[in-house]
Number of protein chains: 2
Amino acid sequence: ESIPKESICWIDHFGFLEDATFKQRYLVADEYWQQPGGPILFYTGNEGDIAWFCNNTGFMWEVAGQLGAMLVFAEHRYYGESLPFGQDSYSDSKHLNYLTSEQALADFAVLIQNLKNTIPKAQDSPVIAIGGSYGGMLSAWFRMKYPSVVIGALAASAPIWQFPGMVPCGDFYKIVTQDFAKSGYNCDASIRRSWEAINNVSSTASGLQWLSEEFSLCNPLKNKNDALSFKGWLQETWVNLAMVDYPYEASFLQPLPRWPIQVVCKHLAFDSSVSDHQLLHGVSQAAKVYYNYTGSSACLNTSQTATSSLGALGWLYQACTEMVMPMCTDGVQDMFEPEDWNFQTYSDECNAMFGVRPRADWAGTVYGGKTIASHSNIIFSNGGLDPWSSGGVTGNITHSLVSIVIPDGAHHLDLRYSTDLDPPSVRAARALELKYFQKWIKQAQKTRSKEKSP
Amino acid sequence: ESIPKESICWIDHFGFLEDATFKQRYLVADEYWQQPGGPILFYTGNEGDIAWFCNNTGFMWEVAGQLGAMLVFAEHRYYGESLPFGQDSYSDSKHLNYLTSEQALADFAVLIQNLKNTIPKAQDSPVIAIGGSYGGMLSAWFRMKYPSVVIGALAASAPIWQFPGMVPCGDFYKIVTQDFAKSGYNCDASIRRSWEAINNVSSTASGLQWLSEEFSLCNPLKNKNDALSFKGWLQETWVNLAMVDYPYEASFLQPLPRWPIQVVCKHLAFDSSVSDHQLLHGVSQAAKVYYNYTGSSACLNTSQTATSSLGALGWLYQACTEMVMPMCTDGVQDMFEPEDWNFQTYSDECNAMFGVRPRADWAGTVYGGKTIASHSNIIFSNGGLDPWSSGGVTGNITHSLVSIVIPDGAHHLDLRYSTDLDPPSVRAARALELKYFQKWIKQAQKTRSKEKSP
């Protein structure tokens, strides 16, 4: 069981004019902790409610006993309850100014120092950072930037190279497409055809009405612009399915059946002779697997594609500032409508939305891009089914910057509770991750005892 | 010869609200550069005019030929001509808000990326950071935080541990005292006695007048408070002399003779029977060695203790925010009036001066304190005569985080032009530094060719 606590944080770690503080939430579970000196597994919270991440990170709970570890789950500023300016935190670009990864890492560093200074017998506890997705990027970066604070990091499904100039912009959607291609007959081809079918059907008022009814949309489509958003919503739906294509029934972004893409694809096994309406009926059935598996949705809401525990607006701001991740599609190697990556267009959209412009090269400069070999003790785990593996580290860099690939895994499957349906690859990954943790802890104890002896 | 240039920099690297830029000055000398791929020696500018540092860093010019290196001297924001808000940069705490070491390091990283993107055949050039004093701290921290940008760093006389809780606060003034103790008969004892003598003499109006005349002060002492400032000025004078106790005539903080403390001490060789006035006459002669070696000063200005090329106000602000360096004296192990370190008093003074308060633990958290063994390729050189060696790394940490001690050296003597009067210890230090540079460059070339081969 985890106990919620609060830590006092500077709103601005990198300037002294703004000297106000805010309360950062974190959760602590110490029932497995062997004191003194037992390790601390520190979850570097990402863009959402920390309680939700805590519940979806069973791996930490499962290894805590084996390591005699304390668990700490730290909430990322501007998400969940950790709002620097309370309800005003998102009111304008002035209040959003302190939502950056650098500030979040500094929060984590200060929090760990505070914990070590206040929890009796924790002073010598080695700390390991653990995170998934953006939180995995934070874990890796935390070890890179604050190696005095954490002895190592598990960066699960962390696309640290999904930045300009580091990987091809089309890889992400290619992986999404491959997941569908291998999950059912003509599944990717049907989706590829669906965009033109939507264009055809939505060209008339009656077609828009038919689409709205067929997809049980809460807000009916009224014009061409709505049809455009509708396609964007469907595209995001397929991406989300690729992220959570888990081998068992689960509820992460949405409640879903086992291997959900296979279930989705049952509705999309069409030949090329299928009519637009038949095809789109199949697509609507497929979409409902994702949005209405439990049968409890009266209608589909196109403004929400995933759990509300994720802070979509905050992430949008981060993507509009530091987290510039180029994506593109060509409709040939992927099943989407062709769209180039255009930084200027993107920047203009960000400016219209938030009054800020992204800096394309900053993340690469501050976090080292592909030149990271001088760091140590980081595990990069990636799932073969996960589109985010496109920007992940999928090969060993050095003997202590290692990659673990889980061919049958979707988005950070390794961080989830183990189940009987887990593929052997994820079991092996978790075992190996535990082994690295033990190795780092031993290293740290050795260094410490050397420092203490005269 | 170095050519001045300008680079466009974000005023705020860590937030996106302030999207203005400023012009950072840097100096480039490429007459020794072997292209393509020859290394770049990058001077991480400290608290002053970069042209002055450039002229006082002969070591870089001397090794450039041997390494086929390009030299770049980057000016630190808020100093010299690199003023983010022009003449308003120091107007208030709002404008001073971007004067931090983290912003300065980000400037350096962005500048190097820009150089590599714009100078033909510099793309593959390995970069080594070099700096002295605060600039040496920046060099070390630059390698720690941006190892993708610089392959190694020479941190000369860099007191990276002069922060709360890392070293005893009295060590700094102990070293100053030792320098005087060994430079002449009773030299430290006379200075230790001088404070009481000043107290005695300054207790009357005629005494204040006598002191003002004896020391040829531009602004005569008028009251007890002035006498207090006067003692502070003298204390700073002895500290500065310890920093620049070079084995040859030089002009760094002030124009000075060879081994200036020995010259100073000739005026202070008193027995304990000396009268207050005799003693203070000696002290005034000693002070004039520092302030009027050239004989060109009509009077002594107690508001200026060193060259105006140093940005004293900017450094004061930095000391009042991140650079919290505890110092204390006991009058027994050192030759100064006893004074404890009191953070609260210090913080209140800072608040009165700048409207900001220092954060005592931040530098230790962000730069790792004494836990830096996971980093690599940093040389910490320290002079045995230099009071700043109190906060320096004076023992090897690992085989690639190495210490070089120069027993006969004052403040970063190794960075200066070589002379016939250099002690063997500094010659050896420079040779060893060059050897490490060559080793790092070889390492980098090997890594790069490995990355390029299929």
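## A helix and its cover

In helix H5 of chain A (residues 171–181), the buried residues are Phe172(A), Tyr173(A), Ile175(A), Val176(A), Thr177(A), Asp179(A) and Phe180(A). Buried here means under 20% relative accessible area, exposed over 50% and partly exposed in between, with a 1.4 Å probe and protein chains only. Helices (H or I, at least four residues) and strands (E, at least two) are DSSP runs, numbered from the N terminus. Among what covers the buried residues of H5(A) are helices H6 (187–201), H8 (224–243) and H9 (260–266) of chain A.

## About the model

This is a predicted model: local features need pLDDT of at least 70 and side-chain atom pairs pLDDT 80 or more, while totals for chains, interfaces and linings use all residues. Residues are numbered from 1 along each chain as its sequence is written, chains are lettered from A and ligands numbered from 1 in the order in which they are written, and side-chain values use heavy atoms, leaving out hydrogens and water.

## Salt bridges

Arg430(A) is buried at 8% relative accessible area, and Asp422(A) is buried at 4%.

In chain B, Glu75(B) pairs with Arg25(B), their closest N and O atoms 2.7 Å apart. This pair links distant parts of the chain, 50 residues apart, and both residues are buried.

Note on methods: Contact means heavy atoms within 4.5 Å. A salt bridge is a side-chain nitrogen of Lys or Arg within 4 Å of a carboxyl oxygen of Asp or Glu.
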